[in-house]
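Work through these exercises with the model open beside you. Try each task before reading its solution.

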Amino acid sequence: MTTTPTTTTEPLYTVGHTAVDRVAGPLLVIDSADDLAYGEFVQVETGGGALGAPVTRRGQVLEVDGSRAVVQVFAGTAGIGREGTTVLSRGRPARTGVGRDLLGRVLDGAGRPRDGGPEPVAEDERDVNGLPLNPVARDHPDEFIETGVSAIDGLLTLVRGQKLPVFSGYGLPADELAARIATEARVPGDDGAGFAVVFAAMGVTRRTADFFTERLAASGALEHSVLLLNLAEDPTVERILTPRVGLTIAEHLAYEHGLHVLVVLTDMTSYCEALREISAAREELPGRRGYPGYTYTDLATLYERAGRVRGRPGSVTQLPILSMPDDDISHPVPDLTGYITEGQVVLSRELNRTGVSPPIDVLPSLSRLMNAGIGAGRTREDHRAVADQLYACHARGMEVRRLLSIVGEGALADDDRRFLAFSAAFEREFVGQGGGRRSIAETLDTAWRLLAPFPDDELTRIPATLRERYRPSPA
C-alpha cells in the first residue's frame with residue numbers, strides 16, 4: 001500500500017516490464033518480473049486509454065512467485081490492456097511524506113491534497129507499513145483521556161496509547177460520536193498544545209466527509225488535524241492504503257515531535273470489503289463470509305501500531321469505527337477486531353430510537369485498560385467502585401425490565417421497582433447527556449446522584465468510607 005509522496009521530487013523509475021499476462025479487476029499479472037520485490041512501489045503506463053490518451057497510474061506489488069508478480073493498481077485498471085502496457089519498477093518500498101506541515105490539511109486517501117492547497121512540505125519520507133516496534137520498548141498506557149462523554153469516561157475509560165473501537169450498526173450516530181471525541185478529548189491538566197488528530201475515512205459518502213471537515217473546522221480542531229478522505233466514488237483499492245498513510249503520519253508526529261495523536265479510522269468494514277474484493281480478484285480461497293483468511297493478520301498490522309514508546313513523550317491512540325451488518329456483533333469484522341483491540345464501545349439501536357444520545361450500550365461494552373487510567377491521582381479515588389456499582393444496578397434493572405414483560409408491573413417487589421427506575425434514569429441522564437460536555441468530576445457526581453436512593457445494604461460495591469465522603473444528602 002502506498003501513496004504519492006508529498007515532496008516534489010521523486011526517484012526515477014528504472015526497469016520496465018511489458019509482459020502483462022492478465023488483467024483481473026484492480027490487478028495486473030506480470031511474467032518475467034524477476035527483479036520486482038514484494039511491497040515495491042511501481043508505475044503502470046499504457047500507450048492509450050479508451051479515447052487514445054496515455055494512461056499513467058501508481059501501483060504496488062502484492063505477490064511475487066518466481067518470475068511472476070501481481071501488481072495492484074490504485075486507480076483501477078479501466079483503460080489498461082495487456083498490449084502496450086509497461087510496469088516501471090521504482091526499486092524501493094511504498095513511502096509517504098510526513099511532517100508538521102500536514103496539520104490543518106485535507107488530503108485524499110492516498111495523501112494528495114484535496115483542499116485545493118499546495119503540496120505539503122515533507123520533512124521526511126517513511127515506509128507506509130511502519131517500522132517493527134520492539135515489544136520491550138512499549139510503555140504501558142496509563143494516562144486518562146477525558147472525552148467529555150460520561151458513558152466512556154465513567155465506565156469505558158480511554159487511556160493514551162489504547163485502541164478502543166466503536167461497534168455501530170448502519171444508520172447509528174457513530175460518526176457524530178467520533179467527531180465529538182476528536183474535538184473535545186483532552187487530558188486533565190493539559191492545555192492541549194501537544195494534541196493532534198489524524199482522521200482517516202474509507203469509503204465514506206461526500207456528505208459524511210463534509211460533516212467531518214466542517215465539524216473540525218467549526219470547533220477549531222482542524223488546525224491540529226490531518227484528514228485523509230477516501231470517498232465512496234474513489235478507487236476501492238485506495239482504501240487499503242488510507243489507514244496506513246494515516247498511521248505513518250501519526251507515528252511521525254508522535255515519536256518525532258512528541259505529540260499525543262488520536263487516530264480515527266472509519267469505516268473499518270469498508271476497509272475489509274476492499275480486502276475481500278482484492279482477494280477475490282487474486283482468486284484466493286475465501287474464509288468466513290468470503291473474507292480472506294489473513295484478515296486477522298492484516299487488521300493486526302493496523303491496530304498494533306497504537307501505543308506508547310518508552311523514553312518518547314508522544315503516543316498514538318486509535319479509535320476505529322466499524323459497522324456491523326445486520327447489527328451482528330459476531331460478524332467477522334467486529335469479531336476479529338475484538339480479539340486484537342483493548343475493548344469496544346457498542347452502540348444500541350434501541351437506545352437510539354428512544355432518543356438517548358450518544359446511544360452507548362454499556363453492558364456489552366468494556367475497556368480492558370480502564371484500571372490503568374483511573375483512581376486517585378488520575379481521576380478520583382471513588383471511580384472504580386462507582387463504576388462497578390453502576391454496572392451492577394443497571395444489570396439488575398435490565399433483568400427486571402425483561403421480567404416485566406412476563407409478569408407485569410403489579411407483580412414486582414419494591415426493590416425491583418427501584419432497580420427498574422434506576423435503569424431508566426441511568427439511560428436518560430447518565431448515558432443520554434445530549435450535546436453537553438461533562439468533566440470526569442461531573443460524571444462521577446451524576447452517578448452518585450442516581451445511586452443516592454439506594455440503601456447502604458444494596459450499594460455493596462462501594463466501601464462505607466467512600467459512601468460517607470461522596471454520597472449526596474437526600475433531597
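**Exercise 1. A salt bridge within a helix**

Which side chain meets Arg180 in a salt bridge?

Solution. The model is predicted: local features need pLDDT of at least 70, side-chain atom pairs count only at pLDDT 80 or more, and totals for chains, interfaces and linings use all residues. Residues are numbered from 1 along each chain as its sequence is written, and side-chain values use heavy atoms, with hydrogens and water left out.

Step 1. Apply the rule: a salt bridge is a side-chain nitrogen of Lys or Arg within 4 Å of a carboxyl oxygen of Asp or Glu. The partner of Arg180 is Glu184, at 3.8 Å from N to O.

Step 2. Find the element. Helices are DSSP runs of H or I with at least four residues, strands are runs of E with at least two, and both are numbered from the N terminus. Arg180 and Glu184 lie four residues apart in helix H2 (residues 174-184), so about one helical turn separates them.

Step 3. Check burial. Buried means under 20% relative accessible area, exposed over 50%, and partly exposed in between (1.4 Å probe, protein chains only). Arg180 has 7% relative accessibility, so Arg180 counts as buried.

**Exercise 2. Salt bridges across the chain**

Solution. Step 1. Arg244 is buried at 5% relative accessibility. Asp298 is buried too, at 10%.

Step 1. Asp142, Glu143, Arg160, Arg308 and Arg378 are linked in a network of them.

**Exercise 3. Phenylalanine rings**

Classify the pairs Phe419–Phe454 and Phe422–Phe426.

Solution. Step 1. Use the cut-offs: rings of Phe, Tyr and Trp (its six-membered ring) pair if their centres lie within 6.5 Å; planes under 30 degrees apart are stacked, over 60 edge-to-face, and the rest tilted. The count is seven aromatic pairs.

Step 1. Phe419 and Phe454 are tilted, at 5.0 Å centre to centre and 40° between the planes. They sit 35 residues apart: Phe419 in helix H11 (residues 414-431), Phe454 in the loop between helix H12 (440-451) and helix H13 (464-470). Both are buried.

Step 2. Phe422 and Phe426 have centres 5.8 Å apart and planes at 25°, so they are stacked. Phe422 is buried at 4% relative accessibility; Phe426 is buried at 1%.

Step 3. Join the pairs. Phe419, Phe422, Phe426, Phe430 and Phe454 form a cluster through ring pairs.

**Exercise 4. A hairpin**

How do strand S5 (residues 55-65) and strand S6 (residues 68-73) pair?

Solution. Step 1. Two strands pair if DSSP finds at least two bridges between them. S5 and S6 pair in the antiparallel sense over six bridges. Gly59 has Val73 in S6 as its bridge partner.

Step 1. Look at the turn. S5 and S6 form a hairpin with two residues between them, and Gly66 in the turn has a positive phi of about 70°.
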